[in-house]
Amino acid sequence: MIRNIHFFEPQPYIPPPLPPRRFIDPIQDETNNGHFFVGMKKDLQMIHSLNNSIFSELNSQNSLPKSDIRQEIVECTDIILNCDYSSINAKNLIFKLSKVRRDVKLCYSIHKIITEKVQQFARKMISNFLTIETVYQLGSQWKNDINCINHLSSLMSPLCIKEMRLAYFDIIFSQEIINFFNKNSETFQKISNFIISEFLNNLNMADNIENLQNAFLFIYSTGDLFNNIFLPNFIHAQIEYYRPIVEDLFFKFDYLSDYFKEISNLENNIKNSITCLHLPNFAQNDLIVSFHHLVFAEKLDDICKRGLRHLILDKDHQTIEKCTEYARSTDTISTFTHELSFDFESVAEDCFKHTRPIKSVIEIMKTLGYLSKVVFNAEQAKMLKDFFDKGFNSTPELAARLLAEEINNIFLNDEEQQNPISNIENTIINDSINHSNENNFKDKLDILIKIFRVLQCKDVFEAYHHLLLSRRILMLKSSVVHADELFAIELRNQCGPEYTKRIDSIFEDLHKSIQIAREFVCCSNSPKYFKVLVLNQANWTHMKQTPLEVPSCIRQSLTQFAQFYCMKNPKKKIGWNHHFSRVKLQVNNETGIKEIICNGISATILYLFNVNKKLTLKQICELCKGSENEIDECVKWLKTKKNGKIITFIKNSNEIEINQNPKTDQQIISLPFISTTVPHAESERAKYQIGTFKANQIDAAIMSLLKKEKSMDKYELKTQIKSIITFRLEDELYEKELENLAKKWYLKLDASGRVHYLP
């Protein structure tokens with residue numbers, strides 16, 4: 001209940017000025033200012049038709065009837081304001097009002113009396129409001145009172161003559177309420193607080209919603225008072241009501257995605273609660289924006305520290321999109337984008353701590369691509385990409401090398417690319433590659449090329465890629481060759497033919513080799529299984545000639561091909577590398593193994609045991625006439641458990657024999673013949689340089705600001721440094737640099753938290 005209200009004494013009557021334009025006639029548009037016309041549609045239509053018929057009747061008469069009707073019209077006004085409509089003869093009343101309309105003085109006099117009664121009625125209504133216990137009673141009272149005023153205004157409309165500037169009574173009523181509250185702002189504040197408090201206390205109650213709506217329609221009718229006093233108070237009260245709820249939610253969940261899911265539900269509840277109140281759109285928007293400030297803008301620092309990084313790693317596009325929506329709503333989009341950019345930089349740097357860094361980078365780039373396309377504008381997307389590029393190139397040479405290795409892994413280990421090549425000549429020369437998976441593979445190529453564009457050390461990448469390609473191509477898998485050719489085309493499009501000159505020469509060697517091998521098969525009696533790959537030494541610098549005496553059946557084919565090749569190319573010589581060759585051996589015993597695929601050196605060693613049951617390592621070297629180191633390496637591979645222990649050492653002897661009980665259930669054993677991975681070397685020096693670079697930038701920013709300001713608060717100094725440097729300033733690093741500078745007597749730290757410059 002609201003008490004302590006003081007009314008001003010009535011002032012001498014002055015006809016209220018007509019506004020520039022009056023409210024739209026309720027009969028023409030009952031939806032405009034609809035809160036003044038509750039339940040009046042049928043009555044107003046009847047009065048409108050009566051007006052039309054009476055005015056038509058009067059226009060047909062030559063003179064007005066003469067009688068004193070002032071008292072009767074005033075009595076009708078009192079009856080209407082007491083909500084007693086049944087005793088009013090509307091047709092007779094409007095007929096008499098039409099007479100009064102022709103008498104200017106009488107019309108002016110009656111309008112004055114009714115105006116005073118309407119003003120008294122408005123003040124009495126406000127007085128009644130102050131004694132009401134609930135907001136529902138207030139809404140019900142307002143509905144009844146406004147119905148009276150609307151009925152009166154419609155019936156007495158003939159008295160409201162525009163030329164005499166006699167206003168409509170519903171406007172006089174509304175203006176009186178506004179004038180009263182302007183003079184009694186404390187009273188308006190009390191009623192406003194009462195309505196807001198009642199609304200919040202009954203937030204989840206759907207009962208009596210119509211009276212609650214009417215209470216808000218009353219407060220909305222106060223014009224500028226609603227905008228300037230009620231609305232700010234209403235929004236503030238709502239925000240304070242939800243503040244503890246939001247705080248609990250923020251600290252309840254470890255992940256931002258869970259927090260924002262609950263916030264979305266809470267926001268929907270707020271929208272539903274205020275939609276039924278028929279508040280104007282601008283009021284609803286102001287409330288929602290204030291709510292966004294509460295749940296996002298006020299917690300932006302904590303949100304950035306706690307969760308943005310995890311959103312990127314978890315590819316949580318939906319939550320990042322929701323954060324962006326809140327950031328735009330609260331005008332913090334610039335700060336949010338900057339913080340998110342720092343996280344993209346940090347995440348890109350940390351990818352190099354993973355087992356397969358580029359695989360992690362690819363996932364981050366997919367997230368970045370989606371956000372740039374769907375969520376952020378062009379300028380913001382550019383900022384995100386620039387910081388990502390910076391993080392990726394924090395160790396540029398390492399990034400280049402790892403990209404080459406990741407391409408090697410993708411091309412070799414893709415499950416769709418595991419079918420060994422059976423007829424590589426037809427595959428490459430006749431361009432009859434199976435393109436069934438080409439579309440899927442092009443997507444992978446696109447992302448690899450995007451990462452390649454980001455690289456700073458493209459020359460380092462070319463060196464590693466060329467090395468791995470020259471080894472990879474020897475596996476003679478159609479899918480691998482095709483993938484590498486497609487990638488080479490993309491590199492050529494990006495950097496030009498000069499960049500891919502060495503890469504292109506590898507494929508030229510491959511094509512020429514296949515062509516000459518085909519010609520040799522056509523004009524010789526070599527076995528069908530015999531295939532030769534001739535490579536240019538300049539493109540395969542890691543390949544050296546391996547001396548080895550192969551079995552006579554193979555040696556004869558090798559000699560024939562060498563003679564054929566030298567005849568075709570008299571200025572060239574051929575040297576055989578058996579380490580990188582590929583041989584398929586058929587096993588004819590009861591060990592369970594049917595086939596062994598290995599390199600030429602291992603095949604030659606195994607072939608010796610067809611004649612010799614037991615051999616020492618020295619004997620094997622003498623019979624093979626090969627390098628002791630390479631033969632020793634192959635023997636070690638053949639006796640490992642991983643490769644089935646095909647050979648084994650005899651107990652208490654240095655002799656070797658074929659293992660009759662190999663440790664494998666496989667019928668086909670494929671031995672690795674090539675190492676395709678470049679050894680990893682941790683670049684501690686590069687990491688140290690990055691750390692030193694950041695520390696130097698922070699030191700320079702600190703000293704630059706202190707030289708100008710002489711003395712600054714530590715947190716203010718930190719804020720200004722953030723705007724200068726191009727990377728995220730961690731609290732630990734900032735404190736460390738301040739201490740270092742203080743030890744060197746460049747600055748002084750005092751207990752109050754200020755930093756002083758020491759000249």
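Entry 1. Lys-315

I call a residue buried under 20% relative accessible area, exposed over 50%, and partly exposed in between. I looked up Lys-315 in this predicted model and found a relative accessible area of 41%, so Lys-315 is partly exposed. I located Lys-315 in the loop between α13 (308-313) and α14 (317-329). I then read the backbone angle: Lys-315 has a positive phi of about 55°, although it is not a glycine. I noted this since most residues other than glycine have a negative phi.

Entry 2. Lys-710

I checked another lysine. Lys-710 also is not a glycine, and I read a positive phi of about 70° for it. I found Lys-710 in the loop between α28 (684-709) and β7 (711-713). Is Lys-710 buried, partly exposed or exposed? The relative accessible area of Lys-710 is 47%, so I put it down as partly exposed.

Entry 3. The whole protein

I went back to the overall counts. I listed 30 helices and nine strands for the protein. The protein has 759 residues, and 47% of them count as buried. I also looked at contacts between residues at least 6 apart in sequence: 74% of them join residues at least 24 apart.

Entry 4. Aromatic pairs

How many aromatic pairs does a search of the whole structure find? I got 33. I took down Phe-216 and Phe-230 as one of the pairs: the ring centres are 5.8 Å apart and the planes stand at 80°, so I class the pair as edge-to-face. Phe-216 lies in helix α8 (residues 209-220) and Phe-230 in helix α9 (residues 224-252), so the pair ties together parts that are 14 residues apart in sequence. I checked burial for both rings. Phe-216 has 1% relative accessibility and counts as buried. Phe-230 has a relative accessible area of 0% and is buried.

I then turned to Phe-520 and Phe-564. Their ring centres are 5.7 Å apart and their planes are at 55°, so this pair is tilted. I found Phe-520 in helix α23 (residues 501-522) and Phe-564 in helix α24 (residues 552-568), and the pair links distant parts of the chain, 44 residues apart. Phe-520 and Phe-564 are buried.

Entry 5. A cluster, and lysines over rings

I wrote down one aromatic cluster, formed by Phe-121, Phe-129, Trp-142, Phe-173, Phe-180, Phe-181, Phe-188 and Phe-218. Lys-299 lies over the face of Phe-250, at 5.9 Å from the ring centre. Lys-458 lies over the face of Phe-452, and here I read 5.3 Å from the ring centre.

Entry 6. Helices α25 and α27

I looked at how helix α25 (residues 600-608) meets helix α27 (residues 628-638). Their axes come within 9 Å and cross at roughly 75°. Angles of 65 to 115 degrees count as roughly perpendicular, so I describe α25 and α27 as roughly perpendicular to each other.

Which residues meet between α25 and α27? On the α25 side I listed Ile-601, Ser-602, Ile-605 and Leu-606. On the α27 side I listed Glu-630, Ile-631, Cys-634, Val-635 and Leu-638. Sorted by class, the contact of α25 with α27 has seven nonpolar, one polar and one charged residues.

Entry 7. Two residues of helix α5

I looked up Leu-152, which is in helix α5 (residues 135-155). Leu-152 has a relative accessible area of 0%, so it is buried. Leaving aside neighbours within four places in sequence, I found Leu-152 in contact with Thr-77, Ile-80, Leu-81, Ile-114 and Val-118. I followed up Leu-81: it is 71 residues from Leu-152 in sequence and 7.4 Å away in space, C-alpha to C-alpha.

Ile-146 lies in helix α5 too. I read a relative accessible area of 1% for Ile-146, so it is buried. The C-alpha atoms of Ile-146 and Asp-170 are separated by 8.4 Å, and these residues are 24 apart along the chain.

Entry 8. Asp-504

I finished with Asp-504, which I found in helix α23. Is Asp-504 buried or exposed? At 16% relative accessibility, Asp-504 counts as buried, because the cut-off for buried is under 20%. Leaving aside neighbours within four places in sequence, I listed Ala-488, Arg-492 and Pro-497 as the contacts of Asp-504.

Note on methods:
Residues numbered from 1 in each chain as written. Predicted model: local features only at pLDDT ≥ 70, side-chain atom pairs only at ≥ 80, totals over all residues. Heavy atoms only, no water. Phe/Tyr/Trp six-rings, centres within 6.5 Å; stacked < 30°, edge-to-face > 60°. Helix = DSSP H or I, 4+ residues; strand = E, 2+ residues; numbered from the N terminus. Buried < 20%, exposed > 50% of the residue type's maximum accessible area, 1.4 Å probe, protein only. Lys NZ or Arg CZ within 6 Å of the ring centre and 35° of its normal. Axes fitted to C-alpha atoms, helices over the stretch in contact; angles between N-to-C directions. Parallel < 35°, antiparallel > 145°, perpendicular 65-115°, else oblique. Contact = heavy atoms within 4.5 Å. Nonpolar A, V, L, I, M, F, W, Y, C, P; charged D, E, K, R; others polar.
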